[in-house]
Amino acid sequence: LYARFWMKVLFDAGLVTHDEPFKKLAHQGMILGEDHQKMSKSRNNGIAADEVSQKYGADALRTFVCFMGPLESEKPWSATGIEGVKRFLDRVTRLILNEENQCIATNPGIEPISTELEKLLHKTIKKVTEDIEKMSFNTAISAMMILVNELYKANVKPKSILKPLIQLLMPFAPYMAEELWEKMGGEGFVSLAPWPKYDSNLIADDTVTIGVQVNGKMRGTIETAMDAPEEVALKTAYAVDTVMAALNGKTPDKIIYKAGKILNLIIK
């Protein structure tokens with residue numbers, strides 16, 4: 001309100017060339033108390049940011065506020081929620097540093113990286129990049145959590161994945177990101193490093209789940225290759241009990257098949 005007021009005053013005075021201060025304005029939702037009520041002294045439900053920061057760290061506080069939910073929604077504070085985010089950041093740190101604060105992330109070529117992990121990295125880069133642009137910060141953080149979980153499952157710590165991960169995490173947890181970037185031998189500040197790019201060839205799925213219809217009604221789903229031939233899709237569909245029940249022992253009179261999209265079986 002005040003920004004618009006003063007901009008219009010300056011415009012009327014001929015000191016600026018435009019009368020609106022923003023090209024785009026997003027209104028963030030309010031953070032409520034743990035009782036789901038507006039924070040106030042009378043309710044004694046306020047949260048002191050300084051105390052939270054001292055206990056969990058500024059990065060955990062910042063990341064949790066972004067993770068709580070959609071930017072525009074009202075969100076109640078959760079003590080257990082910030083503890084979960086702190087655990088996530090600690091897990092990221094343990095992938096890179098040992099208890100002696102020494103880097104344990106491995107250089108390229110030392111640890112084999114599966115095709116699945118490489119694809120997940122590029123999907124994560126795409127997801128986080130697009131979500132930050134849309135200010136969907138909570139889903140961007142969720143995508144990074146999934147990548148971290150998969151690294152733990154694979155029991156690998158490759159710098160080729162961890163360095164771009166730290167770049168993606170930097171807008172949310174800048175202090176730890178700078179430290180971890182330096183420990184991994186990153187040049188300069190991570191906040192000034194070029195944003196990671198994804199390979200469009202690596203974000204395309206080899207398989208896809210498509211719906212199987214009988215007379216236009218959905219009766220099940222199958223997983224096939226994107227370019228699976230009709231006979232392969234049919235064989236897979238005939239192994240689905242709900243599809244066979246809908247066919248009731250009949251052979252389709254007509255088959256409508258679009259690879260990677262839909263399979264429709266028509267019976268009379």
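Strands are taken as DSSP runs of E with at least two residues, helices as runs of H or I with at least four residues, and both are numbered from the N terminus. Two strands are regarded as paired if DSSP finds at least two bridges between them. The structure is a predicted model, in which local features require pLDDT of at least 70 and side-chain atom pairs count only at pLDDT 80 or more, while totals for chains, interfaces and linings use all residues. Residues are numbered from 1 along each chain as its sequence is written, and side-chain values rest on heavy atoms, with hydrogens and water left out.

By these criteria, an open sheet is formed by 4 strands in the order β4-β3-β6-β5, with mixed pairing.

Strand β3 (residues 207–214) runs antiparallel to β4 and is joined to it by 8 bridges. Within this pairing, I210 has I222 of β4 as its bridge partner, and G211 has T221 of β4. The hairpin of β3 and β4 has 2 residues between the strands, and N215 there takes a positive phi near 55°. Strands β3 and β6, by contrast, pair in the parallel sense over 4 bridges; the bridge partner of G211 in β6 is I262. Strands β5 and β6 run antiparallel and are joined by 5 bridges, with L263 of β6 as the bridge partner of Y257. In the hairpin of β5 and β6, which has 3 residues between the strands, a positive phi near 80° is found at G260.

Helix α10 (residues 230–237) packs on the sheet and touches β3, β4, β5 and β6 (262–266), contact meaning heavy atoms within 4.5 Å. The direction of α10 makes about 125° with that of β4.

The largest pocket holds about 240 Å³ of space. On a 1 Å grid over the protein atoms alone, a pocket is an open set of points where a 1.4 Å probe fits, with protein on both sides within 12 Å along at least five of seven lines, and lining residues have an atom within 4 Å of a point. Grid points are joined across faces, edges and corners, and the volume is the space filled by probe spheres set on the points. The lining consists of S114, T115, E116, L117, K119, L120, K123, E150, A154, D205, D206 and T207. Two or more of these residues are given by each of α5 (115–133) and α6 (137–154), and α5 supplies the largest share, 6 residues. The lining divides into 3 nonpolar, 3 polar and 6 charged residues.

The structure contains 8 salt bridges, each defined as a side-chain nitrogen of Lys or Arg within 4 Å of a carboxyl oxygen of Asp or Glu. In the salt bridge between R4 and E20, the closest N and O atoms are 2.6 Å apart. R4 lies in helix α1 (residues 2–12) and E20 in the loop between α1 and β1 (31–32), so the pair ties together parts that are 16 residues apart in sequence.

Residue C66 is placed in helix α3 (residues 58–67). Apart from neighbours within four places in sequence, C66 is in contact with F137, N138, I141 and F172. The C-alpha atoms of C66 and E116 are separated by 28 Å, the two residues being 50 residues apart along the chain.

Key: Nonpolar A, V, L, I, M, F, W, Y, C, P; charged D, E, K, R; others polar. Axes fitted to C-alpha atoms, helices over the stretch in contact; angles between N-to-C directions.
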